[in-house]
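Please look through the structure below with this briefing at hand.

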Amino acid sequence: MLLTITCTPPEGAAWPATDLGFLLHKNPDRVQAFEQSYGTAHVMYSEATAARCTAALLLEVDPIRLVRGRSRSTPDFSLGQYVNDRPYAASSLLSVALGAVFRTALHGRCDQRPGLAQTALPLRIALPAVPCKGGPEAAERIFAPLGWTVIAEPLPLDPAFPEWGDSHYVRLELTGTIRLADALAHLYVLLPVLDGAKHYWLAADEVDKLIRAGAGWLAEHPERSWITRRYLARRQSLVRTALARLAEVDDVEAEELDAVEEGVDGADEPAENGAAVATEIAVESPASTEAAPVADSEERAPSLAVMRRAAVLAALREVGAHRVLDLGCGEGALLRELLVDKAFTEVVGVDVSMRALNITKRRLRLDRMPERVAQRLTLLQGALTYTDARLRGYDAAVLMEVVEHIDEPRLGALESSVFGSAAPGSVVVTTPNAEHNVVYETLPAGKFRHSDHRFEWTRAEFADWGSRVAERYGYTVRLVPVGVEHPEFGPPTQLALFTKAATDSSTRGAA
């Protein structure tokens, strides 16, 4: 199998194309060989001039060494010993070789050219045969959001018989202006993802490899869930761990990242950390057909998403709420937990996105939910910056990680709609603490936790906003930290519990 990396500096560049050799730590004047457990990786340069330089990684796979010692529980064991595409198509074998041969470049280190190692370079990457069972569209879907221009041409099953159609292999060409370390990281993660299989048994440290190689891009990738699941071969214990760690960086719900992949996994996973969802919601845990290589014996601390929902539920129970609005409910992570607790007799989810509401229906299996549970749930489409008579008279409303998605000039309309028009007995608001962002090593300075955030408040700014809203609309407010607090920068999430004055309590529970 073959991978070529071509660098063509722009006109007038202060560095020659042959500096690619310094970045890859491979001399263009030599052909080098690196032994792997399954064959030999060769590095050579087909051209090396100041204007253009092309490095090639050629992987020769020894089929005998590939199957020697292979576990019978490894995928494709029975037929794979006799017929497989591993010597010819770019797969996890090439990914592992790339990580071993270009390890220093993958980490972005180059003592001879440190500035160039951090510079986006004009690159073209070519792979003549890549397994891509999702077709060219799958390659486009995962590489294009990373800044690549993608050419993925399907290869015919047999050129002599065009009527047989195309195979599930593509010729892949990527062009873009990207740091070399980032380009290698994209290939390291995404080649096995396109293939959908790995040649080795997965261990628990595979999650660390994914998080390390995906630093700075995976958490924000629109296909992060699909990428994570396929990279980890759908090992649910590993997938849950990886998605929870990505959620910490991106500050999104871990369940949102772990969306159902139709036709593959068959059902949603149980609630995080192995907690079973109440049986009356009829969320079943699929029977695993794969034995995990390492038991999950060590307890993992709950993710921020889990702690946030727990704090919201505690606030709702504290005020004795029974009829609850989840405003900006997204894909239903909080709704699921509200339905588990029978104390919440009526639960209403509201979101402006019809797509999110449809995903909520699927995730909660609304069509299979017991009638007594379904009767407690209502899903409504609506914009929170407009008054809606349907939302009046409820015990409590929740705005969980919602306000930061509203343009600041529109916050007044949100406040009027929720606190003025709907006027529930209590309102629970959570939002990121901007001061805590420096704790996240992979979050660039000055960046918000999510690309859709319009702002992020400090603790003082949130307290000021809460006191102004409470005074204007007749509430009292109490601030609660959520998550593990940093001694200097405070908690990752901040919660405000607004409670209506006692004189207005007679309106609570009215239809």
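Two cavities of 30 Å³ or more turn up in a search of the whole structure. A cavity is a set of points, on a 1 Å grid over the protein atoms alone, where a 1.4 Å probe fits but cannot get out. The model is predicted, so local features need pLDDT of at least 70 and side-chain atom pairs count only at pLDDT 80 or more, while totals for chains, interfaces and linings use all residues. Residues are numbered from 1 along each chain as its sequence is written, and side-chain values use heavy atoms, without hydrogens and water.

**Second largest cavity**
- The second largest cavity holds about 50 Å³ of space, a volume being the space filled by probe spheres set on the points.
- Its lining residues (those with an atom within 4 Å of a point) include Leu23, Arg109 and Cys110.
- Helix H5 (103-106) and helix H8 (180-195) each give at least two residues to this lining; helices are DSSP runs of H or I with at least four residues.

**Helix H10**
- Eight of the eight residues of helix H10 (residues 224-231) are buried, so the helix is largely enclosed by the rest of the structure.
- Buried means under 20% relative accessible area, exposed over 50%, and partly exposed in between (1.4 Å probe, protein chains only).
- Among the buried residues of H10 are Trp226 and Tyr231.
- Ala233, which follows H10, has a positive phi near 55 degrees.

**Around Phe161**
- Phe161 sits in the loop between strand S6 (149-156) and strand S7 (166-178), strands being DSSP runs of E with at least two residues.
- Phe161 counts as partly exposed because its relative accessibility is 35%.

How values were computed
1 Å grid on protein atoms, 1.4 Å probe; cavity = no way out; pocket = protein on both sides within 12 Å on 5 of 7 lines; lining within 4 Å.
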